[in-house]
Amino acid sequence: MVDTKVKLCGITLTNPVIPASGTFGYGEEFAKLYDLNLLGTFSFKGTTLKPRFGNLSPRIAEGKNGILNAVGLQNPGIDQVIKVELPKMKKFFKKPVMANVSGFSIDEYVSVVKKLNKCPQVGWIEINISCPNVHGGGMAFGTDAKNAALVTKSVKKVSKKPIIVKLSPNVTNIVEIAKACEKAGADGLSLINTILGMRIDLKKRSPILKNTFGGYSGDAVFPIALRMVYQVAHAVKIPVIGMGGVSSAEDVIEMMLAGATAVEIGSANLVDPYASYKIIKDLPRVMSHYKIKALKEIIGGCK
Amino acid sequence: MPNMKEVILSIKENHPLTSDVYRLVLTGKHIDTMHPGQFVNLKIPGCYLRRPISICDMNKNQLTLIYKVVGKGTDKLSKLRGEINVLTNLGNGYNLAHAKKHNLLIGGGVGIPPLYFLAKELKKQKKDVTVILGFNKKNELFYVDEFKKLGVKVIVTTLDGSVGVKGLVTDAMKKLRYDYVYACGPIPMLKAVYTLAKVGEYSLEERMGCGFGACMGCTIKTEEGAKRVCKDGPVFLGKEIIW
């Protein structure tokens, strides 16, 4: 028997696989396909203080081995999430869930975190300071070390749950920002969010996305994500969740060798709704193949 | 309604009906019964995202899809043989219970295929069905005879007048008596149809990420708030849509 357990900010996960925010909704669509309690946990759709429609369509474009999205944080707002989505989720998901939070001001992040304090279902709060698809917030906090630290410090002050700060790859020096968040009290870090990109329609000679730019993710970004996870994990002492183009059990192990304590699965869920399930089912086989007895022992094990 | 399901199906036929419109016939056991207006999402080797295609017909263990080659993905699809990974049972289709005495089905170009399945099912329920099939010109016609074989009244329109009524589908609508409309086609066509008919159900198209409601990639604003074309649609009541 192989041991897939890992500990993330004081909470034990039966395995390190976590479907990523924005690719898993509030779990409902996937719960019809398989028992979500097989997952380590999942990070639900990025939630803001007020409801948001997001960007106008087209919001999706394709790249070679990846997807470009400019959804723009569509969500029903925190009150509706607490009133409707969490009670619905309770019926099919018995483990602590990860709440993904976005905001346009420090006050907004703080207000949402305060509301989440009262939700026993929520195990961790993932603070998204890296959404590339909204203007005047999100990534603006994540591309500057001082602002990233300020958000972290402000939410840490009020939060009763572990705070995991989700970092943007669209920066000059991700290590500097990671360190600033650690110093400001972050309990963990997750990375990478999507990489800013665009596509142009050749017939129309105009951007495919209404928002012009979008966030690129999927298989194509895996080596970039892995490099950043490796750099950050070597620079900080808090746990790091690796994500970006992960689509197989081998990728999960590679991320963990780079230093990830847990691994989020994003775009893969969109092209194969069973992706996270298949990865978990395949983990013991791949672990045996590489003679890994316990996953926690390989974290940061890249020589 | 049965849940979305991932199935591997055999490609029985993948042939052109016109210069760029293809018919894809897929076979396999365990194909769930789907409804007119629903769609499937195809995994095409070499493409990251799946391609959503509406259902043109279904029989026991067989699924017929009609698609137009519009880009690299559909071009690759047109050359595909052997097997294909398909997500079935996606979206909400047309509501057959809404059918009235005289039902008018209106399709434009590759918006036509789902109406074939709908016409077939409405005929099974002994409903009166008239179909308007809109094309640009004669060499783009497909499935006209297939519709006729269902025993429905078929009116063809072409923009250049090379076959049937010259003009738009709305030009043919004006002379008809109908109590309900089911339509699929480009947005400007749907809008023109709804403006005239003021009733009915309309199938919308949008760039999709997942096709099953997870990514919020295809959300539109409706009279009843934000809705996902893939999961809440693709068929919407005309009065729901913000035209």
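Analyst: Let us begin with pairing: two strands are taken as paired if DSSP finds at least two bridges between them. Please bear in mind that this is a predicted model. In chain B, S2(B) and strand S5 (residues 62-68) pair in the antiparallel sense over seven bridges. Within this pairing, B:Val25 stands opposite B:Thr64 in S5(B), and B:Arg23 stands opposite B:Ile66.

User: Which strand is joined to S2(B) by six bridges?

Analyst: That is strand S1 (residues 5-16) of chain B, which runs antiparallel to S2(B). A hairpin of four residues leads from S1(B) to S2(B), and B:Ser10 has B:Thr27 of S2(B) opposite.

User: How many bridges join strand S4 of chain B to S5(B)?

Analyst: Four bridges join S4(B), residues 51-59, to S5(B), and the two run antiparallel. The bridge partner of B:Asp57 in S5(B) is B:Thr64. The hairpin of S4(B) and S5(B) has two residues between the strands, and B:Asn61 there takes a positive phi near 60 degrees.

User: How should I read the burial of a strand, and why is S2(B) described as largely enclosed?

Analyst: A residue is counted as buried when its relative accessible area is under 20%. In a regular strand, side chains alternate between the two faces of the sheet. Five of the seven residues of S2(B), which spans residues 21-27, are buried, so this strand is largely enclosed by the rest of the structure. For S5(B) the count is six of the seven residues, so S5(B) too is largely enclosed by the rest of the structure.

User: Turning to the two chains, how many residues does each give to the contact?

Analyst: Chain A gives 36 residues and chain B gives 28 residues. The area buried between them is about 2600 Å², with carbon and sulfur atoms giving 59% of it. Of the area that chain A buries against chain B, A:Glu29, A:Glu62 and A:Val271 supply 24%, more than any other three residues.

User: What polar and charged links are counted between the chains?

Analyst: There are four salt bridges between chain A and chain B, and eleven residue pairs are in polar contact. A:Glu29 forms a salt bridge with B:Lys231, where the closest N and O atoms are 3.7 Å apart. On the side of chain A that touches chain B, the elements giving two or more residues are helix H1 (28-31), strand S4 (60-63), strand S5 (66-69) and helix H9 (268-271) of chain A. By class, that side has 16 nonpolar, eleven polar and nine charged residues.

Key:
Residues numbered from 1 in each chain as written. Chains lettered and ligands numbered in written order. Predicted model: local features only at pLDDT ≥ 70, side-chain atom pairs only at ≥ 80, totals over all residues. Heavy atoms only, no water. Contact = heavy atoms within 4.5 Å. Buried area = accessible area lost by both parts, 1.4 Å probe. Salt bridge = Lys/Arg side-chain N within 4 Å of Asp/Glu carboxyl O. Polar contact = N/O pair within 3.5 Å; in protein donor to acceptor, adjacent residues only side chain to side chain. Nonpolar A, V, L, I, M, F, W, Y, C, P; charged D, E, K, R; others polar. Buried < 20%, exposed > 50% of the residue type's maximum accessible area, 1.4 Å probe, protein only.
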